[in-house]
Amino acid sequence: MTLVGAAETTAWIGTPVSRIPGPLEPSEADLLGRARDGDREAAHRLGRLCAERDDRLGARHWWERAAQAGNVDSAYNLGLWHRMHGTTEEAVGWFEAAAGTGDADASTNLASLLLERRGDTAGARLWFERAAENGSRHAARRLALLCEDQGDGMGARCWHFRAALDGDLRSAHDLGFLGYTAGDEAEASHWWEYAARGGHAEAAYHLALLLHTARDEKGAEGFYRLAARADHPGAAFRLGDLALTRGDLRTALACFERAAHTGSQEAPRMAGLVCLRLDDRLSAAHWFGRSAADDPEAAYRFGSLLVSEHNDLKGARHWFRRAAERGHQAAQAELRKVLPLTGGCVETEGCLLDPPPPYWTRPAEPEQAARAELAVAAARRRGDAAAEPAA
């Protein structure tokens with residue numbers, strides 16, 4: 001059987017109008033007559049007309065007439081109709097009717113319903129497999145993720161592979177992680193490059209990190225740039241780091257500023273540090289101030305600028321305390337100095353009497369930082385808890 005397309009539109013909220021056939025008959029009366037005489041194609045077309053006119057009951061009526069006469073597209077539409085309206089059992093029944101003819105879209109929707117509404121993983125896997133075998137890339141990916149959840153590594157690789165070869169860049173990205181966590185960095189590199197060259201920014205970034213761990217800075221920079229084109233905040237930050245190691249302060253600052261504007265938490269502090277090296281203390285204060293609330297090093301630097309530039313000891317005390325409470329040892333020393341000058345007392349400062357574990361202020365080696373970030377990304381890919389890369 002040849003289906004007539006699977007593009008979905010919606011005439012009203014929750015009521016799909018999908019699988020639109022060719023041009024409607026010029027005479028609606030003739031169409032109605034044919035549908036009443038049992039013409040399933042005419043009934044299907046009438047269902048679509050009713051849906052476009054916001055006649056929900058009419059659409060359901062004619063699609064049911066057509067589906068009962070064997071029209072697969074109407075059965076599929078009814079599955080969508082009932083799924084949108086929350087009548088799961090009816091949706092399952094109609095999707096089963098369409099899926100039984102080998103319809104990949106119906107099989108995929110049926111598997112999703114069984115998994116999400118019933119928790120039937122065995123049934124879901126069966127129908128995802130049928131849909132994937134019938135050419136559904138989406139089903140192949142869903143099946144791969146289901147296999148991962150069930151601990152079936154071989155199955156996950158097989159179906160991610162099928163989806164990736166069919167153009168699913170997310171599955172190619174996932175194959176990279178499966179290779180990386182298995183210790184096969186060549187496989188990780190292959191799939192991340194495949195996805196990156198297709199436009200997957202995360203894959204480009206993770207490939208760049210992998211190249212960075214191998215001290216291939218030139219190769220890493222190329223893929224960081226590819227990810228940065230999609231405004232990946234980590235990529236812009238890494239480009240800033242590379243420029244900084246070359247002593248190119250202006251480029252480093254531009255990259256850190258871009259990373260800050262796209263959401264990097266570390267970038268404002270680094271922009272402030274570069275501004276200090278450029279002797280632009282006003283801009284440095286701006287960037288340190290933006291991140292001081294969450295970044296102990298930025299809080300310490302901001303407090304130091306308040307003292308040196310404005311003699312604002314009370315403001316400095318506040319920020320030194322914020323940094324000291326996070327274990328910043330230099331901030332603890334500065335807080336001890338400013339407390340007597342601002343009417344404070346060391347004996348009342350808990351962060352000085354019982355200091356927290358020291359905050360790590362020495363920058364990590366770039367290769368170590370890249371490896372840590374990959375480890376965290378691998379752990380978090382499927383929602384697992386993991387520490388921040390800095391930790």
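Author: Let us begin with burial: a residue is called buried under 20% relative accessible area, exposed over 50%, and partly exposed in between, computed with a 1.4 Å probe and protein chains only. The structure is a predicted model, in which local features need pLDDT of at least 70, side-chain atom pairs count only at pLDDT 80 or more, and totals for chains, interfaces and linings use all residues. Residues are numbered from 1 along each chain as its sequence is written, and side-chain values use heavy atoms, with hydrogens and water left out.

Reader: Is Ser112 buried or exposed?

Author: Ser112 is buried, because its relative accessible area is 13%. Helices are DSSP runs of H or I with at least four residues, numbered from the N terminus. Ser112 belongs to helix H6, residues 104-117.

Reader: Which residues does Ser112 touch?

Author: Contact means heavy atoms within 4.5 Å. Not counting residues up to four places away in sequence, Ser112 touches Arg117, Phe128 and Arg142. A polar contact is a pair of N or O atoms within 3.5 Å; within protein, one must be able to donate a hydrogen and the other to accept it, and residues adjacent in sequence count only if both atoms are side-chain atoms. The side chains of Ser112 and Arg142 are joined by such a contact of 3.2 Å.

Reader: Where does Arg83 lie, and what does it contact?

Author: Arg83 is in helix H4, residues 72-84, and counts as partly exposed because its relative accessibility is 23%. Leaving aside neighbours within four places in sequence, the contacts of Arg83 are Ala91, Phe95, Asn109, Leu113 and Arg117. Between Arg83 and Asn109 there are 26 residues of sequence separation and 9.2 Å from C-alpha to C-alpha.

Reader: How is the length of a helix checked?

Author: The expected span is 1.5 Å times one less than the number of residues. Helix H7, residues 121-133, has 13 residues and should therefore span 18 Å; its end C-alpha atoms are 18 Å apart, which agrees.

Reader: Which residues of H7 are buried, and what covers them?

Author: Gly123, Ala124, Arg125, Trp127, Phe128, Ala131 and Ala132 are the buried residues of H7. Their cover includes helix H5 (88-99), H6, helix H8 (137-149) and H9. After H7 comes Gly135, with a positive phi near 100°.

Reader: Why is H16 described as largely enclosed?

Author: Helix H16, residues 267-277, is largely enclosed by the rest of the structure because eight of its eleven residues are buried. Among them are Arg269, Met270 and Cys275. The buried residues of H16 pack against helices H14 (233-245), H15 (249-261), H17 (281-291) and H18 (296-310). Asp279, which follows H16, has a positive phi near 60°.

Reader: How should I read salt bridges?

Author: A salt bridge is a side-chain nitrogen of Lys or Arg within 4 Å of a carboxyl oxygen of Asp or Glu. By this rule the count comes to 27. One of them joins the side chains of Glu41 and Arg45, with N to O at 3.4 Å. Both residues lie in helix H2 (residues 40-52), four residues apart, about one turn of the helix. Glu41 is partly exposed at 29% relative accessible area, whereas Arg45 is buried at 11%.

Reader: What links Glu133 to Arg162?

Author: Glu133 and Arg162 form a salt bridge whose closest N and O atoms are 3.6 Å apart. This pair links distant parts of the chain, with Glu133 in helix H7 and Arg162 in helix H9, 29 residues apart. Glu133 is exposed at 54% relative accessible area, and Arg162 is partly exposed at 34%.

Reader: Which side chain meets that of Glu221 in a salt bridge?

Author: The partner of Glu221 is Arg246, at 3.4 Å from N to O. Glu221 lies in helix H13 (residues 217-228) and Arg246 in the loop between H14 and H15, so the pair ties together parts 25 residues apart in sequence. Glu221 counts as buried at 16% relative accessibility, while Arg246 is partly exposed at 48%. Salt bridges with shared partners also join Arg141, Glu148, Asp174 and Arg381 into one network.

Terms used:
Helix = DSSP H or I, 4+ residues; strand = E, 2+ residues; numbered from the N terminus.
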